[in-house]
Amino acid sequence: MRRRSGTLVIGGSLVAMVILAALVSFVWTPHDPGLVVPQDRLAGPSGKHWLGADKLGRDELSRLMVGARTTLLVGIVSVGVAALIGVPLGLVAAMTWRWLGEILMRVSDFVLAFPAVLLAIMLTAIYGSGVVIAMIAIGISTIPAFARVVRSGALQVMSTEYVVAARAAGRRPVGIGLRHVLPNVTSLIIVQASVSFAIAILAEAALSFLGLGAPPDVPSWGRMLQESQSLLQQAPRLAIVPGVAIALAVLGFNLLGDGLRDLLDPRLQQRRVEVQR
Amino acid sequence: MSAVLKAEGLGVHTGDLALVQDVTLTVGRGERVGLIGESGSGKSLTALALMGLLPEGLHATGSVRLDGSPADLVGADEDELAPLRGKRMSMVFQEPMTALNPTMRIGDQVAEGMLLHRAHRRRAAARSAAVELLDDVGLPSPAEAARAYPHQLSGGQRQRVVAAIALANDPDLLICDEPTTALDVTVQALVLDLITRGVAARDAALLFITHDLGVVATVCDRVLVMYGGRIVEAGEVAQVFTRPRHRYTSGLLAASDLARTDDGRLLTIPGSVPQAGAFPAGCVFRNRCAAATSACETLPSWVGPDPEHGHACVHPVEVPA
Amino acid sequence: MILRLLSRLAVLVASLAVSTMVVFGFMVVLPGSPARVALGVNASDASVAQLEQEFGLDRPKGVQYLDWVGGLLRFDLGRSYVSRAEIAPQIADRLQVTLWLVVTSTVLALVIAVPLGVLMAVRHRRASGVLLSALSQVGVAVPAFLAGVLLVALFSVRLGWLPANGWTPPVEDPAMFLEQLVLPVLSLGLVQGAVLARYVRSAVLDVMREDYIRTARAKGLRPMRALVRHGLRNAAIPVVTVLGLQLATLLVGAVVIERVFVIPGLGSGLLDAVANRDLILVQDIVMLLVTAVLIVNFVVDLLYLVIDPRLRSVR
């Protein structure tokens with residue numbers, strides 16, 4: 001159990017770091033992230049540029065901090081929208097007619113065949129690239145995850161005695177859903193949100209790496225990595241800095257999700273009791 | 001009579017929590033010994049400790065010896081234990097629905113143990129021996145059953161298969177952990193019958209774990225009563241069941257007797273079995289015992305001629321002379 | 001069993017049909033016409049009209065859709081709006097390239113994940129297991145393109161052992177083909193392997209607690225042998241599911257990796273098509289990728305039948 005809470009602490013700290021970097025960047029960055037300083041081209045880490053400067057002499061740390069903003073924004077909007085749509089769908093699939101649930105699950109299987117990046121590429125072909133396109137694409141492809149998790153959790157709750165009793169007592173489905181089912185699947189939703197956030201970060205990074213995410217003047221980690229590719233000889237640091245940022249952010253949300261699952265999942269507590277048999 | 005199995009001071013611990021303590025028992029060749037108690041009393045853990053199959057995080061103390069094997073099985077490593085399991089000692093588990101591999105054919109699961117212990121060197125020979133064995137435990141159309149997967153058989157049939165696996169190499173010791181609890185009452189008697197016949201045919205020792213006193217009365221010669229991870233009473237079945245000495249045993253007998261009622265209500269033992277490790281110090285039963293006094297706060301010593309006969313109670317039930 | 005097979009087949013066909021509508025639908029909700037998109041905003045109305053007429057884009061949408069789907073069924077993918085070349089042959093070449101990438105990296109991922117996952121499960125209480133598990137967690141957090149860039153930085157730029165990019169068909173120069181294949185396949189395979197290893201670990205951990213493993217031990221099987229003989233097949237059921245789901249991720253990874261290593265596969269083709277605003281090509285490639293994902297899902301369902309006898313019996 002102790003090691004598990006370690007997961008939570010490490011994950012939580014990494015996530016907090018990313019959030020903090022993004023928040024601070026609104027009021028302060030070491031330099032203007034867009035400021036081109038020709039004499040600082042490819043400058044190494046120094047007192048002036050803690051993480052060095054890129055091929056245009058822009059401060060790497062400042063760009064990294066503002067990049068965190070882009071990452072979080074895309075994550076929050078896409079995961080948030082996916083949860084807002086996916087959770088009710090999952091509840092409906094679990095609580096209404098069986099055939100409707102089956103159809104919804106088939107549809108979600110189908111949506112899984114369109115990964116976020118593919119969807120985004122397709123949308124970009126039509127509407128041009130942009131952050132909003134990335135959010136829509138990632139959001140759509142995240143809906144099934146929420147719908148599935150909520151449905152299976154809700155089905156479990158629905159078979160518990162107190163819900164059966166409430167149904168037998170003639171409570172309305174909506175009432176049961178809000179009173180009994182939703183509170184009991186909240187922990188599942190929180191865990192899924194954390195895991196989905198990690199996936200959203202990966203997708204956003206891939207898109208901006210391909211030049212399909214944020215526009216060139218908005219700093220983003222994926223684009224920073226892509227720009228570093230031609231400079232691996234002179235300045236491998238330019239690849240490592242955004243690369244580490246992406247990996248740590250994803251790691252943070254994954255660990256946070258794992259830690260929360262262990263913290264919130266009542267089934268694990270049951271398992272511990274079983275051992276004592 | 002030579003003792004096939006001899007356990008002395010056997011304990012099971014997790015961390016510094018003792019789940020089973022100071023269990024001493026012997027089972028002789030051809031002898032059928034019952035181990036009874038409520039769920040949570042440590043019966044199953046005792047059985048798993050004897051087989052060296054305790055789950056992760058639990059470890060055994062004390063000593064367990066199998067006749068003819070020089071090593072103490074407690075603390076023995078896999079190299080010493082694996083050749084004994086399934087060959088000299090084997091086990092039938094409680095839950096027939098999950099005890100068999102769902103993705104392997106019945107015949108292969110039965111033959112596996114025989115091939116492993118070199119009873120048969122050729123796969124084909126082991127297969128036909130498996131079919132014979134399935135016939136022996138009373139499966140209808142055994143050849144067909146051998147080709148079936150577990151989900152195609154009923155619970156009773158699966159338990160016969162588990163018994164066949166356990167008996168495959170003619171073990172000296174068979175441990176049965178509640179083998180009939182999960183079965184329909186009508187099937188129970190059939191499975192019990194095949195176990196007792198199987199054991200008798202091989203002159204094997206049987207350790208039979210159950211909470212069902214009726215089953216013990218029909219199957220066993222001797223019985224050990226377990227509560228709170230300790231043996232509280234032991235003796236011949238007839239003796240213990242008609243003249244129990246330990247207060248727990250008498251409570252258990254009273255509760256199982258459907259004819260005896262107290263103002264029309266069934267008799268029960270007051271309270272419930274505490275959580276593992278939460279048993280009182282001294283006599284483990286004293287917080288549920290009507291006869292308990294301050295004298296019970298120290299661990300009662302064993303009263304009896306040997307560990308197989310006697311009780312551990314400060315205020316035993318008086319025996320009418 | 002036959003019933004299950006048929007129902008799965010029906011689902012596959014239905015999914016494919018709906019996919020064509022979705023993909024086509026996305027392309028036609030667009031204001032204006034694909035011809036306008038291809039030629040750019042500054043093109044004259046006359047040239048747009050001419051292109052529309054040439055490709056039949058002035059016909060009703062329904063007719064265009066049926067025409068497209070009918071073509072797909074005959075492996076006729078139409079002609080590019082931009083280069084006017086037949087699409088099918090060029091996509092076939094690209095498909096081959098991407099298949100090499102995806103198949104070899106899936107094999108690599110499995111070769112890494114199965115032993116590693118089993119090891120992590122068996123040793124989950126020991127320091128070595130915990131350490132491996134932590135390492136795999138880091139592996140999961142690294143996207144394939146990042147792994148690609150870092151591998152190039154190390155093995156091509158720093159050490160000069162392997163080419164940083166490029167693609168040579170195996171029939172032309174097998175040695176060169178292999179050299180160029182190593183880094184992209186490592187980028188994709190290592191990452192997928194890390195993800196898969198974690199699923200193998202949890203599947204094996206679940207199986208290790210099963211009663212039938214205890215039965216096998218009681219027969220006299222040693223722990224590792226009991227796990228291999230009785231556990232792996234059962235653990236394979238959830239792992240195969242994940243493997244199927246991962247293919248979609250792997251395809252996306254391949255799209256990006258092809259960009260990193262300048263490989264002329266479907267991914268590069270797709271991105272080029274987007275850059276050229278060649279909508280019919282985008283439509284065809286997306287449809288092809290989606291078809292691949294759906295077919296793999298179907299195959300995974302068939303694999304269940306092979307692995308789990310419980311699904312084979314008639315209800």
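**Chain C and its neighbours**

Between chains B and C, 29 residues of chain B are in contact with 21 residues of chain C, two residues being in contact if their C-beta atoms, placed from the backbone, lie within 7 Å. This is a predicted model, in which local features need pLDDT of at least 70 and side-chain atom pairs count only at pLDDT 80 or more, while totals for chains, interfaces and linings use all residues. Residues are numbered from 1 along each chain as its sequence is written, and chains are lettered from A and ligands numbered from 1 in the order in which they are written.

On the side of chain B that touches chain C, the elements giving two or more residues are β5 (89-92), α3 (106-116) and α6 (155-167) of chain B. Helices (H or I, at least four residues) and strands (E, at least two) are DSSP runs, numbered from the N terminus. The largest share, three residues, comes from α3(B). By class, this side of chain B divides into 14 nonpolar, nine polar and six charged residues; Ala, Val, Leu, Ile, Met, Phe, Trp, Tyr, Cys and Pro count as nonpolar, Asp, Glu, Lys and Arg as charged, and the others, Gly among them, as polar.

Strand β5(B) also belongs to an open sheet of eight strands with mixed pairing, in the order β5-β6-β7-β3-β8-β9-β13-β12 of chain B. Its edge strands are β5 and β12 (303-306) of chain B, each pairing on one side only; two strands pair if DSSP finds at least two bridges between them. Helix α6(B) packs on this sheet, touching β5 and β6 (173-177) of chain B, and its direction makes about 175° with that of β5(B). Such angles run from 0 to 180 degrees between N-to-C directions, with axes fitted to C-alpha atoms, for helices over the stretch in contact.

Chain A also touches chain C: 31 residues of chain A are in contact with 37 residues of chain C. Helices α3 (98-112), α4 (116-127), α7 (173-209) and α9 of chain A each supply at least two residues to that side of chain A. The most, eight residues, come from α9(A). This side of chain A has 25 nonpolar, five polar and one charged residues.

Within chain C, helix α6 (127-141) has buried residues C:Ser136, C:Gly139, C:Val140 and C:Ala141, where buried means that 20 or more other C-beta atoms lie within 10 Å of a residue's own. The buried residues of α6(C) pack against α9 (237-264) of chain A together with α5 (87-122) and α8 (174-208) of chain C.

Definitions and conventions
A residue is buried if 20 or more other C-beta atoms lie within 10 Å of its own, exposed if 12 or fewer, and partly exposed in between; C-beta atoms are placed from the backbone.
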